[in-house]
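Q: Could you walk me through some local features of this protein, starting with its surface charge?

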Amino acid sequence: MMAQKTTASASTGLDLANYDEEQVRLMGEMCIVIDENDKAIDAASKKTCHLMTNINKGLLHRAFSVFLFNSNNQLLLQQRAMEKITFPEHYTNTCCSHPLATPDELEEEGQMGVRRAAQRKLEHELGIKPDQVPLDKFEYLTRIHYVAPSDGLWGEHEIDYILFIKADVDLDINPNEVMSYKWVSMDEMKEIVEGAESSGTKLTPWFKLIDESFLYKWWAQIDDLEKLKDHETIHRLL
């Protein structure tokens, strides 16, 4: 099986001693390995899925990206902590992570597995309680397929479920995950992206792709997203 082959190659001679202990622990979580049509075919550790040696052989996993807006239609951005193994100190959307290869998060009907994972990680990273982000309030828009190296050793190769949710939430930031955060208007978001290179602001590659391709048309229709949903297409942003 794919996971067995990649696990063997991933674990040979790779020393994680110089990385943050908690982030190394999380690298042991089991992600959902998929084919290019988003069919679950196997499971492999987060570490295995994020090594470029395996990504370059085609290893692909399922992910999600949450965009959380408050009642003023401001988007919550986070800056990933320095402790993160991939894309540390990068600004990104509210929460980006992976459903795990567990029965609850493998459930595909109604995207329930992805929704549960999103709720779990919003609490883990930002301290948002599940009752403030009910599963049925996540708006699933579409999926994107992208690949992005991080530092030569690590990277991303994902089919990413895009979830919008509008909620006024209480935050209790996990400093091991999030370095800083900010609420931004659409105009402020555009200014950040346009000035990123000159200001030295780092943006995650998936966030840049979503910003360039979809974000503003979705944001403009935040209270009426139904007609913008595309559950059939996997957008290949490769």
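**Surface charge, salt bridges and cysteines**

A: Asp187, Glu188, Glu191 and Glu194 gather in a patch of negative charge on the surface. This is a predicted model, in which local features need pLDDT of at least 70, side-chain atom pairs count only at pLDDT 80 or more, and totals for chains, interfaces and linings use all residues. Residues are numbered from 1 along each chain as its sequence is written, and side-chain values use heavy atoms, with hydrogens and water left out.

Q: What is a patch made of here, and which residues count as negative?
A: A patch is made of residues with over 30% relative accessible area and no salt bridge, with like charges joined within 9 Å and nonpolar side chains (Val, Leu, Ile, Met, Phe, Trp, Tyr) within 5 Å. Asp and Glu count as negative and Lys and Arg as positive, while His and the chain ends are not counted. The place of a charge is taken as CG of Asp, CD of Glu, NZ of Lys or CZ of Arg. Accessible areas come from the Shrake-Rupley method with a 1.4 Å probe, and for residues only the protein chains shown count as cover.

Q: Where is Asp187 found, and is Asp187 buried or exposed?
A: Asp187 is found in helix H7, residues 186-194. Helices (H or I, at least four residues) and strands (E, at least two) are DSSP runs, numbered from the N terminus. Asp187 has a relative accessible area of 54% and is exposed. The classes are buried for under 20% relative accessible area, exposed for over 50%, and partly exposed in between (1.4 Å probe, protein chains only).

Q: And Val193, where is its place?
A: Val193 is also placed in helix H7, and is partly exposed at a relative accessible area of 25%.

Q: Changing topic: how many salt bridges does a search of the whole structure find?
A: The search finds 13 salt bridges, each defined as a side-chain nitrogen of Lys or Arg within 4 Å of a carboxyl oxygen of Asp or Glu. One of them joins Glu108 to Arg62, with the closest N and O atoms 3.0 Å apart. This pair links distant parts of the chain, 46 residues apart: Glu108 is in the loop between helix H5 (103-106) and helix H6 (112-126), and Arg62 is in strand E3 (residues 61-69).

Q: Are those two partners buried or exposed?
A: Arg62 is buried, with a relative accessible area of 2%, whereas Glu108 is partly exposed at 47%.

Q: Which residues are linked with them in a network of salt bridges?
A: The network links Asp38, Arg62, Glu108 and Arg143.

Q: What about Glu125 and Lys121, how far apart are their closest N and O atoms?
A: The closest N and O atoms of Glu125 and Lys121 are 3.9 Å apart, and the two residues form a salt bridge. Because Glu125 and Lys121 are 4 residues apart in helix H6, about one helical turn separates them. Both Glu125 and Lys121 are buried.

Q: And Asp223, which side chain does it meet in a salt bridge?
A: Asp223 meets the side chain of Lys166, at 2.8 Å from N to O. Asp223 lies in the loop between helix H9 (205-220) and strand E10 (234-236) and Lys166 in strand E8 (residues 155-166), so the pair ties together parts that are 57 residues apart in sequence. Asp223 counts as exposed at 59% relative accessibility, and Lys166 as partly exposed at 33%.

Q: On to the cysteines: how many disulfides are there?
A: The count comes to 0 disulfides, a disulfide being a pair of cysteine sulfur atoms within 2.5 Å.

Q: Last topic, the backbone: which residues other than glycine have a positive phi?
A: Among them are Phe87, with a phi of about 55 degrees, and Glu89, with a phi near 70 degrees. Phe87 is found in the loop between strand E4 (75-80) and strand E5 (91-92), and Glu89 lies in the loop between E4 and E5. Phe87 counts as buried at 4% relative accessibility, whereas Glu89 is partly exposed, with a relative accessible area of 29%.
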